[in-house]
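Student: I would like to learn how to read a structure like this one with some care. Could we go feature by feature, with the general idea before the particular case?

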Amino acid sequence: MNYLVGAFKPPCNIFISFADGRSRKQVPLKKENGKTVMAALFQSQENIVGEVVIEPIHGKKVEHNGVKIELLGQIELYFDRGNFYDFTSLVRELDVPGELYERKAYPFEFSTVEMPYESYNGVNVRLRYILKVTVSRNYVSNIVECQDFVVRNYTPPPSINNSIKMEVGIEDCLHIEFEYSKSKYHLKDVIVGKIYFLLVRIKLKNMELEIRRRESTGSGPNTYVETETLAKFELMDGAPVRGESIPIRLFLSPYELTPTYRNINNKFSVKYYLNLVLVDEEDRRYFKQQEFTMYRILET
Amino acid sequence: MIADGVEDEEKWLAAGIAGLQQNAFYMHRALDSNNLRDALKYSAQMLSELRTSRLSPHKYYELYMRAFDELRKLEVFFKEEARRGCSIVDLYELVQHAGNILPRLYLLCTVGSVYIKSKEAPAKDVLKDLVEMCRGIQHPVRGLFLRSYLAQVSRDKLPDIGSEYEGDADTVVDAVEFVLQNFTEMNKLWVRMQHQGPAREKEKREKERSELRDLVGKNLHVLSQIEGIDLDMYKDTVLPRVLEQVVNCKDEIAQYYLMDCIIQVFPDEYHLQTLDVLLGAFPQLQPAVDIKTVLSRLMERLSNYAASSADVLPEFLQVEAFAKLNNAIGKVIEAQPDMPILGVITLYSSLLTFTLHVHPDRLDYADQVLGACVNKLSSKGKLEDNKATKQIVALLSAPLDKYNDIVTALKLSNYPRVLEYLDSETNKVMATVIIQSIMKNKTRVSTADRVEALFELIKGLIKDLDGGAHDEVDEDDFKEEQNSVARLIQLLHNDDPEEMFKIICTVRKHILGGGPKRLPFTVPPLVFSSLKLVRQLQGQEENPFGEEDSTTPKKIFQLLNQIVETLCNIPAPELALQLYLQCAEAANDCDLEPVAYEFFTQAYILYEEEISDSRAQITAIHLIIGTLQRMHVFGVENRDTLTHKATGYSAKLLKKPDQCRAVYACSHLFWVDDQDNVKDGERVLLCLKRALRIANAAQQMSNAARGSAGSVTLFVEILNKYLYFFEKGNPQINVAAIQSLLELVTTEMQSDSSTPDPAADAFFASTLRYIEFQKQKGGAVGEKYEPIKA
């Protein structure tokens with residue numbers, strides 16, 4: 001196929017750049033091919049301003065039926081790969097039909113773009129934002145160039161952030177009370193808490209705290225749920241006795257977490273859970289899972 | 001199986017060390033290239049080796065020490081990182097990303113130490129955080145080592161008074177709080193060890209626990225070295241908190257060790273000032289805790305403290321140390337009804353030592369202790385426990401050692417009461433100790449009352465206490481004991497005759513009950529002691545006051561008569577006879593003729609009625625003759641009677657040679673050099689002639705019985721008597737008699753039938769040489785001897 005690619009090489013190169021590309025923050029973005037590239041970072045309501053440069057290949061003329069740039073917010077569900085669902089679509093016409101002989105630059109601007117959802121790369125779903133430039137042509141296929149960018153939305157710290165406190169147990173066997181100081185954490189937060197042993201009749205070996213991500217996609221009968229354990233953090237070594245209280249201090253920064261996403265465009269949800277696991281000497285596991293909310297604050 | 005276990009353990013240890021070293025190697029490489037990320041990664045992996053559960057504490061320690069050394073390098077690295085501008089706060093967070101808790105906490109403690117040193121945060125906050133986070137390790141061994149590591153890295157960073165870490169926010173209170181908390185947690189872990197694992201490994205676990213105890217104790221040591229803990233803080237915070245933990249942990253091993261630890265690490269002065277609190281904890285300890293040892297050590301320390309300087313003694317008085325200790329011991333004993341009697345006695349013994357050191361002037365205290373001891377003993381009856389009796393001996397010896405004076409001990413009214421609870425064997429031991437003390441210190445027990453008390457104490461030696469059972473007593477031991485009693489009796493003395501007489505009466509009263517085995521040992525010293533008194537009185541003239549009931553030799557002699565009489569009843573006639581003769585001689589010196597005569601009579605009766613053994617008779621008769629010869633008090637009549645009897649006894653001895661010797665000895669009864677009225681030459685000659693006859697008869701008997709005439713020794717002996725009286729001027733002994741005797745001996749020696757006897761030959765030869773010598777001396781004696789032809 002290689003020679004074919006060469007043969008059908010587009011007659012022009014298209015570059016998309018952002019006006020503040022040099023100063024804008026770049027964050028790593030994982031592409032479909034598994035490579036990580038750096039991509040510009042935006043948040044909702046921002047003006048996306050830039051320039052599209054079309055540069056015909058040396059000595060070639062490009063006939064076109066018009067040039068446009070689209071800003072697309074897409075959700076791709078992997079069970080339906082290749083089929084993108086656009087939840088946002090904005091278009092700017094850049095040029096009327098005509099011919100291009102030489103390099104030409106088109107400035108563009110999307111003002112206060114509503115981008116309610118964050119870019120996300122999950123197990124079964126991907127949410128991405130792209131700028132797509134299309135040079136339409138007659139008889140031959142359009143020339144298309146895409147530029148990914150990343151959207152992250154920041155939320156102010158929640159005004160209500162109750163602690164998670166719960167007493168659980170197996171009757172006459174194990175009773176514990178645990179407390180996580182908050183129910184909502186930002187991505188670089190620290191989970192602080194403690195576990196209080198009210199009754200211990202089994203020989204515990206250790207205890208750990210897991211951070212699990214539950215991604216559910218689709219709806220109805222086509223719901224897919226994928227759970228990943230992102231962190232395993234040992235909290236306790238050895239067997240406690242009644243009355244012991246074990247501190248929890250888990251820094252979230254080392255882990256690749258995202259905010260909690262609830263029912264994004266009716267397509268998917270990403271939720272986080274703290275799973276407290278107690279392991280006894282026979283390697284039996286006793287656990288209690290609690291959902292907690294992740295949110296993103298503006299990093300300073 | 002066990003051997004396998006040990007081998008396996010070695011293997012695991014080796015594997016652990018190998019893993020540790022490998023990761024340490026990578027860690028070093030990371031440190032050398034300043035690669036913080038790798039350094040943390042490999043140090044965490046290295047520390048993961050400490051997560052093992054397979055090693056015994058002993059082996060685990062080995063592994064821990066290696067990790068400890070590596071962590072020092074890491075700490076230096078952290079310090080450099082901080083100097084290079086790496087935020088120490090970030091480092092403190094970064095190490096907490098480690099997923100495994102044990103490596104995480106070791107790293108946290110290491111960074112924490114650097115954090116405190118950087119002074120970027122108040123030391124107290126960091127310390128509090130560290131000690132709290134360490135709660136995550138609930139495994140006893142791993143937790144103890146981790147917390148021990150924490151104690152180790154923090155001990156030079158406590159915000160003590162005068163320390164560089166002391167500040168507005170950090171005070172010594174925080175330092176104390178930190179150490180106390182770490183101590184409490186460590187002790188909980190340590191105690192918990194006891195309850196984990198199968199019951200059959202209890203012993204092994206206890207051994208392992210005792211290997212770990214110093215890790216826990218180290219905290220108390222750290223506390224004791226915090227300068228800022230003054231007495232008030234110790235009293236209000238440190239001690240109550242430590243004791244609370246000790247009491248509440250309800251674990252024997254921990255309670256015993258920690259109480260001891262408290263006593264050993266904190267200053268004496270503090271103990272003294274907090275006695276109430278400290279002692280208050282004892283009754284709350286578990287019944288199996290060896291309280292006696294701990295309390296004893298406390299009292300020992302306080303005793304030594306009191307002994308260290310006289311300046312501190314007022315403190316003891318001020319805090320009423322004795323009363324408190326006494327009270328506490330009472331409570332402990334009450335709280336532990338199962339405490340073996342040994343423990344009780346040990347406690348009282350220590351208390352006694354304490355009071356003797358601290359309040360040597362308060363005999364009433366010592367007596368009180370003994371009294372309490374008696375009370376306790378009274379409920380138990382006689383002691384069976386060997387160790388306990390030993391302890392009682394120690395208890396009772398303490399006052400003797402302290403005062404070097406039995407007299408003081410005699411003032412302790414409870415002293416003899418304690419003795420009552422000893423078995424007879426120990427009672428004897430104790431009595432011996434008392435006597436030895438007296439003899440060593442040459443104590444003078446000089447009043448009858450004290451003698452009375454003393455004998456009450458040593459009655460174990462004086463009489464059979466529980467009726468018999470002394471058949472197993474070793475003969476030599478018995479003699480040894482009784483000899484010491486005899487020595488004691490000799491030591492009792494008072495210059496005042498009245499008092500001395502009372503003493504004698506007291507002693508007599510006690511020893512008379514001693515039974516036939518003891519009397520032969522105890523009566524003679526008493527008799528001689530009495531005779532000494534007689535001689536003392538004899539020097540003085542009549543009692544100048546003429547009081548009727550004053551002590552006179554007569555009275556003493558009456559008493560002596562009774563004393564010696566008891567010997568006759570045992571019977572110990574030979575000894576009694578000797579003593580009668582001694583008394584007679586003393587009476588003689590006092591010019592008490594009837595008394596002397598009475599004694600002689602008694603001696604004679606004994607001789608006639610009781611002494612039947614021929615050897616004993618020989619000894620007795622010679623004693624009688626010897627004594628009688630020295631008597632000057634007798635009138636002619638009495639003397640005649642006595643000498644007559646003596647001569648008669650002599651002639652009735654069983655063996656002829658003995659007869660012969662006794663008879664020629666009797667010759668002296670009639671010729672006393674310094675007594676002019678006793679110079680009866682004729683009877684002397686009679687005696688000697690009689691002796692010769694007997695000697696002859698002896699030879700004939702020998703001839704008839706054995707076919708040989710036997711020795712001529714007897715003749716030579718008689719010859720010597722002749723020569724003696726000849727020299728003294730007895731007119732009846734003349735040259736002719738001597739001459740004929742000489743010839744007789746010569747003939748006898750040459751006769752075929754005589755048995756050659758070199759000793760007799762030599763004896764005779766010397767006798768001849770003596771005659772020759774006297775001749776050559778010239779003068780009156782020479783002339784006298786001149787006619788004798790040898």
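Student: Among contacts in chain A between residues at least 6 apart in sequence, what percentage join residues at least 24 apart?

Tutor: A contact here means heavy atoms within 4.5 Å, and in chain A 67% of the contacts between residues at least 6 apart in sequence join residues at least 24 apart. For chain B, 71% of the contacts with a separation of 6 or more come from residues 24 or more positions apart. Keep in mind that this is a predicted model, in which local features need pLDDT of at least 70 and side-chain atom pairs count only at pLDDT 80 or more, while totals for chains, interfaces and linings use all residues. As for conventions, residues are numbered from 1 along each chain as its sequence is written, chains are lettered from A and ligands numbered from 1 in the order in which they are written, and side-chain values use heavy atoms, with hydrogens and water left out.

Student: How many helices and strands are there in chain A, and how many in chain B?

Tutor: Helices (H or I, at least four residues) and strands (E, at least two) are DSSP runs, numbered from the N terminus. Chain A has one helix and 22 strands, whereas chain B has 38 helices and zero strands. The radius of gyration, taken over C-alpha atoms, can be set against a globule rule of 2.2 Å times the number of residues to the power 0.38. For the 790 residues of chain B that rule gives 28 Å, but the radius of gyration is 45 Å, well over it, so chain B is more spread out than a compact globule. Along the principal axes, the C-alpha atoms of chain B fill a box of roughly 135 × 70 × 55 Å.

Student: What percentage of the residues of chain B count as buried?

Tutor: Buried means under 20% relative accessible area, exposed over 50%, and partly exposed in between (1.4 Å probe, protein chains only). By that criterion 53% of the 790 residues of chain B are buried, and 45% of the 300 residues of chain A. One case is helix 6 (residues 123-133) of chain B, where the buried residues are B:Ala123, B:Val126, B:Leu127, B:Asp129, B:Leu130, B:Val131 and B:Met133. These buried residues of helix 6 pack against strand 19 (245-251) of chain A, as well as against helix 4 (88-94), helix 5 (101-118), helix 7 (140-154) and helix 8 of chain B.

Student: At what angle do the axes of helix 8 of chain B and helix 9 of chain B cross?

Tutor: Two packed helices are described by the angle between their axes and the distance between the axes. Here the axes are lines fitted to C-alpha atoms over the stretch in contact, with angles from 0 to 180 degrees between N-to-C directions. Those of helix 8 (residues 172-193) and helix 9 (residues 202-224) of chain B come within 9 Å and cross at roughly 175°. That makes helix 8 of chain B roughly antiparallel to helix 9 of chain B, since angles under 35 degrees count as roughly parallel, over 145 as roughly antiparallel, 65 to 115 as roughly perpendicular and the rest as oblique. Among the residues making the contact are B:Phe183 and B:Trp190 of helix 8 and B:Leu212 and B:Val216 of helix 9. The contact of helix 8 with helix 9 comprises 14 nonpolar, three polar and four charged residues, where Ala, Val, Leu, Ile, Met, Phe, Trp, Tyr, Cys and Pro count as nonpolar, Asp, Glu, Lys and Arg as charged, and the others, Gly among them, as polar.

Student: Are helix 31 of chain B and helix 33 of chain B roughly parallel or antiparallel?

Tutor: The axes of helix 31 (residues 614-630) and helix 33 (residues 656-666) of chain B come within 10 Å and cross at roughly 5°, which makes the two roughly parallel. In helix 31, B:Ile618, B:Ile621, B:His622 and B:Ile625 meet B:Asp658, B:Arg661, B:Ala662, B:Ala665 and B:Cys666 of helix 33.

Student: What is the phi of B:Lys119?

Tutor: Most residues other than glycine have a negative phi, and most peptide bonds are trans. Phi of B:Lys119 is near 60°, a positive value in a residue other than glycine, and B:Lys119 lies in the loop between helix 5 and helix 6 of chain B. Phi of B:Lys250, near 55°, is likewise positive, and B:Lys250 sits in the loop between helix 10 (231-249) and helix 11 (252-265) of chain B. B:Lys119 is partly exposed at 46% relative accessible area, while B:Lys250 counts as exposed at 55% relative accessibility.
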